[in-house]
Amino acid sequence: MPGPEYVNRAAIAKRGGKMHKEGGPMNSPNAILKPAGDDLPGKPESSAARTSFLWVVIGLALVVIPAFYFLRRLNRLELQVAALGKQVEQTNQSLRQIAEKSDVALRHASQAETNAQQAAQLRDRAEKAQATSEEEAEVAKQQAQTARNDATLAQQKAEEYRKQREEELNRLQTALSQIADTRRTAMGLVMTLGSKSIRFDFDKSDVRPENREVLSRIAGVLIALKGYSIYVYGYTDDIGTQEYNLKLSQRRAQAVRDYLVQAGLDPNIISNKGFGKSDPRVRGEGPDARAINRRVEIGIVDSRLRFDELPPLGK
């Protein structure tokens with residue numbers, strides 16, 4: 001293919017021939033010194049190529065530069081995504097920890113609720129028990145107050161009864177003292193039927209005829225009593241054995257009891273017992289002392305008192 005210089009020379013030669021034909025000078029200096037490229041027929045093609053190349057470069061620049069910025073932004077996004085991934089992982093781990101703590105808190109809350117329910121049940125039971133205790137305490141208080149009132153009333157009645165009995169015993173003591181030696185004891189009254197009122201013959205238990213009047217007078221006083229029990233005790237002197245005297249004293253007490261019953265006293269309120277030569281009223285072995293110790297004692301005791309076995313009335 002011919003080069004540019006060859007082309008230019010051919011073009012010049014062609015133009016010179018043309019100018020010669022038209023009457024222009026062929027060898028004009030202006031024509032020789034004028035740049036050859038100004039009238040070359042291939043110049044527009046070269047300019048278009050450069051323009052195309054420029055547009056290609058501009059197009060590439062328009063593609064590469066955004067691509068570069070896109071890649072940089074993509075790299076940044078990848079870094080941000082990686083950071084976000086770590087944050088998400090940390091967040092997930094935190095969420096797992098929170099979930100575990102929430103489970104523990106829920107278990108604690110459930111246990112606390114169960115404990116609260118149990119505590120409420122216990123509180124309800126305690127309140128019911130307290131209410132029951134208060135009711136029972138109130139009932140017990142009322143019962144105690146009733147018992148105190150009853151005790152006070154009973155004490156008042158007992159005091160009234162004691163005063164009545166005291167007056168009766170005083171009157172009875174006054175009446176019986178006119179018949180025989182009568183004294184007050186803790187249990188009531190004791191009449192001593194000794195040698196001055198009733199005399200028993202030695203080793204005898206029969207009531208002598210002259211002593212029956214005394215027993216009749218005693219029965220007349222005692223027959224009007226109500227609420228009393230009568231005890232007849234027999235005694236002997238110190239002559240003889242204890243066994244023999246015990247039987248003799250029993251017979252003497254029995255003889256007095258039988259006479260009182262015959263005089264009209266209720267046999268259910270009269271009992272008798274012999275004590276032999278024990279519990280003498282006076283010490284000594286003389287006739288006077290022995291006569292005093294041979295005796296029968298009659299005790300008058302309130303029948304509301306209960307005694308399994310009464311001691312000697314003189315005590």
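Visitor: In what sense do strand 1 and strand 2 pair, and over how many bridges?

Guide: Strand 1 and strand 2 pair in the antiparallel sense over four bridges. Two strands pair if DSSP finds at least two bridges between them; strands (E, at least two residues) and helices (H or I, at least four) are DSSP runs numbered from the N terminus. This is a predicted model, in which local features need pLDDT of at least 70, side-chain atom pairs count only at pLDDT 80 or more, and totals for chains, interfaces and linings use all residues. Residues are numbered from 1 along each chain as its sequence is written, and side-chain values use heavy atoms, with hydrogens and water left out.

Visitor: How many residues lie between them in the hairpin?

Guide: Three residues separate strand 1 and strand 2 in the hairpin. Within strand 2, Leu189 is the bridge partner of Arg184.

Visitor: And what is the strand order of the sheet?

Guide: The sheet is open, with five strands in the order 1-2-5-3-4 and mixed pairing. Its edge strands, each pairing on one side only, are strand 1 (181-184) and strand 4 (270-274).

Visitor: Which sense applies to strand 3 and strand 4?

Guide: Strand 3 (residues 228-234) pairs with strand 4 in the parallel sense, over five bridges. Ile230 has Ile270 in strand 4 as its bridge partner.

Visitor: Changing topic, which strands does helix 5 touch?

Guide: Helix 5 (residues 242-262) packs on the sheet and touches strand 3, strand 4 and strand 5. Its direction makes about 160° with that of strand 4. Axes are lines fitted to C-alpha atoms, for helices over the stretch in contact (heavy atoms within 4.5 Å), and angles run from 0 to 180 degrees between N-to-C directions.
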